[in-house]
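The following exercises ask the student to read a structure step by step. Each task is followed by a worked solution.

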Amino acid sequence: MKAGSNLENVLSKGLFAVTGELGPPKGNEVSVIKRKADLLRGYVDAVNVTDNQTAIVRMSSIAASSLLLQMGIEPVMQMTTRDRNRIAIQSDLFGATAFGIKNMLCLTGDHHTFGNQVDSKNVHDLDSIQLIDCVRTMRDQGTLLGGEEKIEGEIKLFIGAAENPFGDPFEFRAIRLAKKVAAGVDFIQTQCIYDMNRFKEWMKMVRNLGLHEKVHILAGVTPLKSGGMARYMAKNVSGIIIPDEIIDRIVKAKKPAEEGIKLCVEQIQELREIGGVHGVHIMAIEWEQMTSQITEMAGLLPRPKVA
Amino acid sequence: MIKAEQKPLEEILLYLKSYDRILLSGCGACVTVCQAGGEKEVGLLASALRMARMKMGTPLEALEATPARQCEPEFAAELSETVEKVEAVLSVACGVGVQTLARHFPKTPVFPGVNTTFLGETVTHGVWEERCQACGNCILERTGGVCPVARCAKQLFNGPCGGSSKGKCEIKREADCAWQLIYDRLNGLGQLYRMEEIIPARRWGVESRDSGLRRIVREDLKV
């Protein structure tokens, strides 16, 4: 075991893993975290805690992850390289692991100009692949990045990263995953999947490179709430592809939200059949109350209890 | 070359508020090429300033000069006589040129008339784009001659982020994704394997601006 987290246990036993996502409050309102935690508890194996996603200032992912631990939920602490240099990154990892955080997700992060502090200076001392390498070095060699200096204590982290099969150039996307695997990643969560054909094609390339045997891949899904949301995401979010037939289905539905949940459940069932997919990552953003229904309908409950 | 853009006239007028006699100095090098601070722009700006000050009822005498390279001490020295006759200097050279004059004329205020923006190339007439950040350790041999430090919004070293879509960058949709350009170029050269190599963490703190003031000393050229 690399970190002995619940997520690692579930995946290493070959069980189909389920992760959820929680965005911390835009302030220190702990009740927001508690409310979302109550909606996710028992329905997922671990919960991603975002790190100032879309560059909107929120409670730090380390603090929110620590609060989740106190509430009895295992966090996957997201960490971006946008706001921290390698001094801050390593220091924060000392702190996070001291609090008992065992999973992390290594990200570059959304560009700061998307957020509410557009005048800030971005850091990008490391990129996400270099961050994976940094964490792996800390964990497996017990030293700081690029140094012989020994760490006091042990950094036990189950190392995750993201991958987006819908970004371009498509032909490079599996090779990029191979680089993350070479850097030391243990699990991957993908961008939300709507274009099933493209995802299957990507997974084929992943299997051809033998990567599915080296890394756990959790397929990302996000239930669509409305036709407007589907259209907006398809048009405005780079790296997300929503085929027209899906947009049509939601737009034409009498109850779009219900249809969105139904679609999400169908997607999970289809993803489960794809070789090399070891779990799903459900990103029900500001719609956390749907996680219970989705996991129930998709036959993912009860979540396994593994020691 | 170094690219620059003229500051708004209102801002320049504010700098010069308490002066009646100035030298407006251009530069015959980079800023001439990008038409921000060459002889022609010096003439145009000087006229604009004179007219504006005339309207304000506080006429401005603006002498004009455009040394070949304002960033070289010997060209700065050529301005000495003229500078003696004025109260302040407005320089439309890049930030280097402004500092050369400031160092050379300790008793005369020197104001910047342009914003120095980047090291770039001409894309087409009237369009310039950033190409180099002078980061101190060139990796263009690994990236097919396209620089991710200058051209990727996140300065990624190991391939495009998830926001690369149809060849464009999600940050500025009119901008090409640097990593798409690198991919296409290496593909054309039959060197795609270069994109499989992991580029390790950079030594910013030793090689780049983050190391403090950078300086080149060439013993063989010293006199």
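**Exercise 1.** How many residues does the contact take from chain B, and how many from chain A?

*Solution.* The model is a predicted one. Step one is to count each side: chain B gives 25 residues and chain A gives 26 residues. Step two sorts the side of chain B that touches chain A by class: 12 residues are nonpolar, nine are polar and four are charged. Step three considers confidence: the predictor assigns the complex an ipTM of 0.94 and a pTM of 0.96. For chain B, the mean pLDDT is 96, with 100% of the residues at 70 or more.

**Exercise 2.** Determine how strand β4 of chain B is paired with other strands.

*Solution.* Begin with strand β2 (residues 21-25) of chain B, which runs parallel to strand β4 (residues 88-91) of chain B and is joined to it by four bridges. Within this pair, B:Leu90 of β4(B) lies opposite B:Leu24. Next, take strand β5 (residues 110-112) of chain B: three bridges pair it with β4(B), also in the parallel sense. Here B:Phe111 in β5(B) is the bridge partner of B:Leu90.

**Exercise 3.** Which residues in helix α8 (residues 178-188) of chain B are buried?

*Solution.* A residue counts as buried if 20 or more other C-beta atoms lie within 10 Å of its own. In α8(B), the buried residues are B:Ala178, B:Trp179, B:Gln180, B:Leu181, B:Ile182, B:Tyr183 and B:Leu186. Their cover includes α7 (148-151) of chain B. After α8(B) comes B:Gly190, with a positive phi near 70°.

Technical notes
Residues numbered from 1 in each chain as written. Chains lettered and ligands numbered in written order. Predicted model: local features only at pLDDT ≥ 70, side-chain atom pairs only at ≥ 80, totals over all residues. Pairing = 2+ DSSP bridges. Helix = DSSP H or I, 4+ residues; strand = E, 2+ residues; numbered from the N terminus. Contact = placed C-beta atoms within 7 Å. Nonpolar A, V, L, I, M, F, W, Y, C, P; charged D, E, K, R; others polar. pLDDT = per-residue confidence, 0-100. Buried ≥ 20, exposed ≤ 12 C-beta atoms within 10 Å, placed from the backbone.
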